[in-house]
Structures are given as structure tokens and as C-alpha cells.
Amino acid sequence: MMKLTDEQLAFFDTFGFIKFAGLLKADHEWITEEFEAVFPMLEEKHDGSKRTMIVPFVDQRERLCSLVDDPRIAGIAKSLLGEDFNYMGSDGNYYTGDTPWHRDGENRARRHIKMALYLDELDGSNGALRVMPGTHRLDDQYGQDAAKVCRSIGQLGIHGADLPAQVLDVAPGDVLVFDHNLFHASFGGSSQRRMFTLNLCQRFKDDEIDELRSYILMHAHFRGEHYYGKAMLNSATEERRTHLEQVDSVCGDFAKRTEHLPRLPMRIGRP
Ligand SMILES: O=C(O)CCC(=O)C(=O)O
């Protein structure tokens, strides 16, 4: 099982991201094949006019699900989130164009991270992810000031690509990991930029279960009793179950209490 060093942990704590160059290089071929195998489930083909997204993504294919158990991926997750981290879902994308500066969340109670796998070589000129180091520190004055600048960028007359940031150039097989609180964006991408994510977090404490319920509702890929896709649940080992159990139990419980309400659809298709 991979384990992050103290230096890597300090880097992540300080800057809010870390890049693992070449981590899954040997697996790039099958990962790309599996990625492509998910998209035919959509009736509409990606035509480049806007982003095409599938949620939950890795949950659609057993082999992609196995990434949650992979000792490199699980090792990073355990180092950053603890042995009993939660798998919180994933999205798969054919992006078109820019992604403006944003945070994926504002979490104070626990750490939420995203692992992003881009399947093509990218740099600052063609849509590589860029991050604003340190902005994950929500209560730090810098984090607050940076948030104001990012949100008022329209009025400032500055293009997002001109804000100070770290561009994370990627080659196939690299894994990018960042805190959901971190400001991130991408500019100059083509209409065929391929990427998928894994979202993971620390286990919710017993008195935070209402917050978990809200998270599940907000992310709206809860169907019937389950938040996860069939392949994810059916192929789960005991070890993987540790990372699914908290969300799945809340969904089961929630499903019973909301039987009379219409079910939320699985969010498959275009955002
Ligand atoms: O690659 C991109 O355009 C942005 C990715 C992103 O914002 C995300 O995954 O949260």
C-alpha cells in the first residue's frame, strides 16, 4: 500500500494539491479503453458543443471500480483521509472549453479531495488544470481575499488565465489530487478533453449525518436505496465496503423514510 511521506503531507496541507506524475502510467491503456466504454450508454454523442458528463462514472464498469481498491489510489486516500475514508462518487467527462475559477466545496468539518485523471497530454495552452495554491485554507485571510478576486474577476476585466496560479501540466498516467476547497480552473481546452474523477472524503462523524444526507441529496445520484452504481456494489470486496458503507447505509435509511416521494433520477447526461 502506498503511503505519503511527511513531506508530501506537508505539501498537501500547505498548498492544497499534489501531483503524482506517472503513477498509473502502466495502466493508461486499459483505463482509456474502459473510459471510452462508458460513453455509449448515453443516447447523445459528445459533439463538442458543450461538456458531456456521466455521474456516477467509475461505478459503471467493474474494472474502473477497482481503482478505489488500487494500493496506489487507496494508499493516497488513506494517507490524506484515514483508513476508513469514504468513496463519494465520480464523474467522467468530455469537456468543451474553459472551466471558470471555482471551489468544489467549502468544507470545514472534514477533508474532501478529488483525484483527477486526464487522459491526454495537456499544458497551460490547451486546458491543463490550474490551481491557486493555498486557497483551500478557508479561514486564512489569503484564502478569503483570493475568493473575492476569483468571484469578481468579471468586473476586474482580467481573463481567468491571467490570475496567478500553478498550471498542472499532465501526461497520461498522471494523477492530480486536490482539496475540494481549492480554487481551480482550466483555459484553452479543446472540445474533446477527457477526464474522470474520484471524490473521496474523511468519514463523517456520528453528529454529522444530517450533513451527509444533504451532500447526498445535493449530488443527486441517489437512486432507490443506493448512491453507488451496481458494478461498484456487486464487485465490492470487504475492504472496499469500508469505503462505501457509511453513504450506502444513510441512503438505505433515507430511502425508507422518503418512500412516498418521487425518486431522484440518476444524473446521467449533460449538466
Ligand atoms: O478540467 C477542468 O476543466 C476542470 C475540472 C474541475 O473543475 C473539476 O473536476 O472540479
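Let's start with a definition: rings of Phe, Tyr and Trp (its six-membered ring) pair if their centres lie within 6.5 Å. Planes under 30 degrees apart count as stacked, over 60 as edge-to-face, and the rest as tilted. By this rule we get 12 aromatic pairs.

A word on the source. This is a predicted model, where local features need pLDDT of at least 70 and side-chain atom pairs count only at pLDDT 80 or more, while totals for chains, interfaces and linings use all residues. Residues are numbered from 1 along each chain as its sequence is written, and side-chain values use heavy atoms, with hydrogens and water left out.

Now take one pair. Phe35 and Phe57 are tilted: 5.2 Å centre to centre, with 55 degrees between the planes. Phe35 is in helix α2 (residues 28-38), and Phe57 is in the loop between β2 (52-54) and α3 (62-65). They are 22 residues apart. Helices (H or I, at least four residues) and strands (E, at least two) are DSSP runs, numbered from the N terminus.

Buried or exposed: which is Phe57? Buried, because its relative accessible area is 0%. Buried means under 20%, exposed over 50%, partly exposed in between (1.4 Å probe, protein chains only).

Phe57 also pairs with Phe196. Again tilted: 5.8 Å centre to centre, 35 degrees between the planes. Phe196 lies in strand β11 (residues 193-201), so this pair ties together parts 139 residues apart in sequence. Phe196 is buried too.

Step back. Ring pairs link Phe35, Phe39, Phe57, Tyr94 and Phe196 into a cluster.
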